[in-house]
Amino acid sequence: MSTPQTQEAGPGKVSPEKAILTDVTKCIGCERCVEACVVQNKLPREIPTRYRADDGLSGRRYTSIVRIPGKEEGTWRNVRRQCLHCREASCQSACLVGAFSKSPDGAVEYDADKCIGCRYCMLACPFMIPRYEYDQALPFVRKCKMNDECRVEGGVPACTAACPTGATVFGPREKLLEEAKRRIAEQPDLYQDHVYGEREFGGTSVIYLSDVPLNDALRIPTSAEFAKMRVPSLETESIPHLLHSWVLVTPVQFFTVGAGLVGAWFLRRRQRLMAERAREAADGRPDETPGSEEE
Ligand code: SF4
Ligand code: SF4
Ligand code: SF4
């Protein structure tokens, strides 16, 4: 189990941690952010379905727009769904082979080469974000990356660059938090007095502002719901931080699970090699794909 790292700015230091701030009041639901993500990540094209029952995320869709009721009857708000890039990520903590890592710039990254397909990360994520490629012969976990692969001109993710209204923006987390609080202070009648993701489950690097509650759309419990939990401190404390002490007192269980997962890793590697060999045989030449494994 990997220990999560949180980037704090010490005295005289500026944290390099970046974030995405989405202001739901500015989102017009055009889905250009979704389209830009599809293009940037070379994902298969899908027709946007605004009135879907689920949240639209999938192994082929790393961000989506869900519609929730607005303040006035008959009105709607559009809420962008994506990985929240937790400051201390449960997916990272649950993955015993270290397939997830929190980079200093805020992104929680996924390394498919390490993944053994156990899907513990999917169970561990409190926001129900990671998706699995169930329709692929060799499936992987998929979620928003927010890393260098996403960056376009100006060094910002393609999704935020594409937004025509500035509803979703990228920048230093500290500055975006300041900006969010400034907007709330300037328009207290418009906004909820809450920055979603500032503190919940230890805080996230994707944060939200809104005029209507986002708890259901983002899968973030309300304060009342946190208070009713066996561990109400989760309103501000991360799950990995909480579990760290439990891991220390249950080494046998974790060793057993770890041994099982190492076995699964070997099995999965073997499956990959067999698939590569089959492809080589079909092509009649060695696989020269960058990153392909050698025996
Ligand atoms: S939102 Fe879920 S998948 Fe994303 S970093 Fe947090 S725990 Fe991991
Ligand atoms: S940060 Fe990258 S992966 Fe995430 S929604 Fe934006 S473009 Fe897609
Ligand atoms: S591009 Fe901007 S306005 Fe359009 S759906 Fe995405 S966040 Fe909303």
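Predicted model: local features only at pLDDT ≥ 70, side-chain atom pairs only at ≥ 80, totals over all residues.
Residues are numbered from 1 along each chain as its sequence is written, chains are lettered from A and ligands numbered from 1 in the order in which they are written, and side-chain values use heavy atoms, leaving out hydrogens and water.

Now colour residues 18-23, which make up strand 1. Helices (H or I, at least four residues) and strands (E, at least two) are DSSP runs, numbered from the N terminus. Five of the six residues in strand 1 are buried (under 20% relative accessible area with a 1.4 Å probe, protein chains only). Four bridges link strand 1 to strand 9 (residues 206-209), and the two run parallel. Strands pair if DSSP finds at least two bridges between them. To see one spot in that pairing, click Thr22, which sits opposite Thr168.

**Into the core**

Next, show Val79, Phe100, Tyr110, Phe127, Tyr208 and Leu214, which have the most contacts inside the largest nonpolar core, a set of 52 residues. A core here is made of buried Ala, Val, Leu, Ile, Met, Phe, Trp, Tyr and Cys residues joined through side-chain atoms within 4.5 Å. Helix 1 (32-40), strand 2 (64-69), strand 5 (108-110), strand 9 and helix 6 (215-218) each give at least two residues to this core. Helix 1 supplies the largest share, four residues. A second, separate core has ten residues, including Ala19, Tyr191, Ile207 and Leu209.

**A stop in strand 2**

Select Ser64, which is in strand 2. Is Ser64 buried or exposed? Ser64 is buried, with a relative accessible area of 0%. Its side chain reaches the backbone oxygen of Asp55 at 2.4 Å.

**The ligands**

Turn to ligand 2 and pick out its surroundings (heavy atoms within 4 Å): among them are Cys37, Cys144, Cys150 and Cys159. That shell divides into seven nonpolar, two polar and two charged residues. Finish at ligand 3, where Cys27, Cys30, Glu31, Cys33 and Cys163 come nearest out of 13 residues.

Technical notes
Buried < 20%, exposed > 50% of the residue type's maximum accessible area, 1.4 Å probe, protein only. Nonpolar A, V, L, I, M, F, W, Y, C, P; charged D, E, K, R; others polar. Polar contact = N/O pair within 3.5 Å; in protein donor to acceptor, adjacent residues only side chain to side chain.
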